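Subject: Structure handover

Hello,

Here is the structure I promised you. Please open it beside this email and follow along.

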Amino acid sequence: MAQGVLWILLGLLLWSDPGTASLPLLMDSVIQALAELEQKVPAANASHTASAWLLSASNSGPHNRLYHFLLGVQSLDAAELDPYPLSPELQGLTKAVVQHDVREGREYGVVLAPDGSTVAVEPLLAGLEAGLQGCKVINLPLDSTAASREAGVTFPDVVAIAPDVKATSSPGLGDASPDVTTADIGANSPDATTGCPDVQASLPDAKAKSPPTMVDSLLAVTLAGNLGLTFLQGPQTQSHPDLGTEGCWDQLSAPRTFTLLDPKSSLLTMAFLNGALDGVILGDYLSRTPEPRPSLSHLLSQYYYGAGVARDPGFRSNFRRQNGAALTSAPILAQQVWGTLVLLQRLEPVHSQLQCISQEQLAQVAANATKEFTEAFLGCPAIHPRCRWGAAPYQGRPTPLQLPLGFLYVHHTYVPAPPCTDFARCAANMRSMQRYHQDTRGWEDIGYSFVVGSDGYVYEGRGWHWVGAHTLGHNSRGFGVAIVGNYTAALPTEAALRTVRDTLPSCAVRAGFLRPDYALLGHRQLVRTDCPGDALFHLLRTWPHFTAVSLRSLPYTARRPSVYTSSTRSLPPACNRCARTASARPPASLPHVFSGNPGPAFAGHSAGNIPDPVTSACAASAQPQTQPACPFPSS
């Protein structure tokens, strides 16, 4: 029945005039459409496949040829289609979401998921369809060409193998071939074929070894084809800076329009990569699940909304990158990208970009695409941009950082004290902290560079490029990263720790934001405070980049502000949440204990131009208090 449901859902798009969704573009709306169809589709129609609808919309385009050939679907005449009716609202939704595209700075065919991520629906459905067909392998010839099945011509040298769905995994996933490594793809090989001189001049000179012998349908229709074709575009194939472009919704409660942050983005947006990776993960799960399989609406509900697929809290969309990285490897993916390009090169009509490309050049393109995807996407944490959590505008003019920086300062928020475990709570915490910093303290923005939740996501604060307000006297020298929660006696989740310890700094180093020899410090090493909490700080001391710095060894001016106001006379000595802004003279009674984060603003100044005032953030230190002197808003 699941295949029939997908078939009908996609058909509503393909044989209707394009329209505008009347329902908000939420993943819940897609699940609602699936659930409605599942109630109406009789079991007799289960033989219909989603790809029949998905690929019948157009007879052109490389992805359509892949869908037709790998998923074994013929184009259908409109008379053959007999879609079951959906409500007008859901019909409008399907018209808006099933085909992915990027036009004039906007992205189409995407929906907002409850974890805060944006997901392209088309690659998600393609992965589900490939998974429903079981583990399907196409043996790849290297010397033949053929028309696609659309023209009624078979591919004589290609054999489709569809093992029982109880097979352990999709053949392209799981175990890498011992003879194939990323280095092998660029190693020596037999003589290359001659391609177009202008194309060869633009691609790296590489020799191919261990050419691919098979294509896995699941990887090909979700990731491999689009990765390979995107990295063929233009002369710069060593990297692709617009891989994973983010965007902003017009509104979060009822989203309808998604505008990309880079209007020149390729099709490999963050939303597309999210949808493709979800398609791989869920398609692999379906291929390994015996009948009766769960309904698609139930599967997607568990993955995006519930406690996880099969009640596994780690099997949720929040952790797609970790699960995707565990499912496949760079050598396997590189071979699949290469093999998919070879297949496209041999399907007629041949894609124009592939007509003059040698096998060695295809191998190099595959290696570049795989390296960028695995390092810049799979190997990096998912960062929600400011617009996703509803940030207020920056007040004033931000001061640019001089990159790369040499320090990473670790904080805990203390208040909010409970870890945030879902997007709604984490986003509310971010707005709460920003309101306090801007409205109560009068600063320009939230102080931290980034905030890490326990929901699997990082939340952008000041970001990579602007001086923050997090570590007194040191804002311009390092990034301030806070983990939501109070970690005086307990530790953050392993996912949050891994983000701060491994993925966030390694990606910052790769991007040129952080020096490779950066030093990692706890807030308390530079400012008199308990932050980031005893439990977390003791753990930080075991991390590779941790650097022992004594507060006593710091210059006196680095330990206390050099300008004050009379209001600081009553400053609670250890409550950085109650820190006062500054003026020109320190009163004699000013306590010598400061636990705040450096703040940006005196009137007329922006962060980093003058000595930093104290901001709000971390745990109280020195004198114990029975209750917070300055209650922090909780939402």
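Cys380 and Cys507 are both buried. They form a disulfide, with sulfur atoms 1.8 Å apart. A disulfide is a covalent bond between the sulfur atoms of two cysteines. The torsion about the S-S bond of Cys380 and Cys507 is about -115°, so this disulfide is left-handed. Cys380 sits in the loop between α14 and β12, while Cys507 belongs to helix α17, so the pair ties together parts that are 127 residues apart in sequence.

Keep in mind that this is a predicted model. Every value here is computed from it.

**The whole chain**

The protein chain has 635 residues, and buried residues make up 59% of them. It contains 19 helices and 19 strands. Now take the contacts between residues at least 6 apart in sequence. Of these, 76% join residues at least 24 apart.

**The other disulfides**

How many disulfides does a search of the whole structure find? It finds three.

Cys248 and Cys387 form a disulfide, and their sulfur atoms lie 2.1 Å apart. This pair links distant parts of the chain. Cys248 is in strand β9 (residues 247–249) and Cys387 is in helix α15, 139 residues apart. The link of Cys248 and Cys387 is left-handed, with -90° about the S-S bond. Is Cys387 buried or partly exposed? Its relative accessible area is 30%. Buried means under 20% and exposed means over 50%, so a value in between counts as partly exposed. Cys387 is therefore partly exposed.

Cys420 is joined to Cys426 by a disulfide, with an S to S distance of 2.1 Å. The link of Cys420 and Cys426 is right-handed, with 100° about the S-S bond. Cys420 has 1% relative accessibility, so it counts as buried. Cys426 is buried too, with a relative accessible area of 1%.

**The largest pocket**

Next, find the largest pocket. Its volume is about 1,100 Å³. The lining is made of 39 residues. Closest to the pocket centre are Gly244, Met270, Ile383, Trp464 and Phe513. Which of them gives the largest share? That is α17, with four residues. Helix α17 is also where you found Cys507.

What is the lining made of? It divides into 22 nonpolar, seven polar and ten charged residues.

Why does the largest pocket lie between domain 1 and domain 2? Domain 1 (27–138 + 215–379) gives residues to the lining, and domain 2 (384–541) does as well, so the pocket lies between them.

**One residue to look at**

Finish with Arg386. This residue lies in helix α15. Is Arg386 buried or exposed? Its relative accessible area is 19%. The cut-off for buried is under 20%, so Arg386 is buried.

Leave out residues up to four places away in sequence. Arg386 then touches Ala391, Ala392, Tyr394, Gln434, Asp445, Ile446, Glu460, Gly461 and Arg462. Take Gly461 from that list. Arg386 and Gly461 are 75 residues apart along the chain, and their C-alpha atoms are separated by 6.8 Å.

Best wishes

Methods: Residues numbered from 1 in each chain as written. Predicted model: local features only at pLDDT ≥ 70, side-chain atom pairs only at ≥ 80, totals over all residues. Heavy atoms only, no water. 1 Å grid on protein atoms, 1.4 Å probe; cavity = no way out; pocket = protein on both sides within 12 Å on 5 of 7 lines; lining within 4 Å. Points joined across faces, edges and corners; volume = space filled by probe spheres on them. Helix = DSSP H or I, 4+ residues; strand = E, 2+ residues; numbered from the N terminus. Nonpolar A, V, L, I, M, F, W, Y, C, P; charged D, E, K, R; others polar. Domains from an automatic or database assignment. Disulfide = S-S within 2.5 Å. Buried < 20%, exposed > 50% of the residue type's maximum accessible area, 1.4 Å probe, protein only. Contact = heavy atoms within 4.5 Å.
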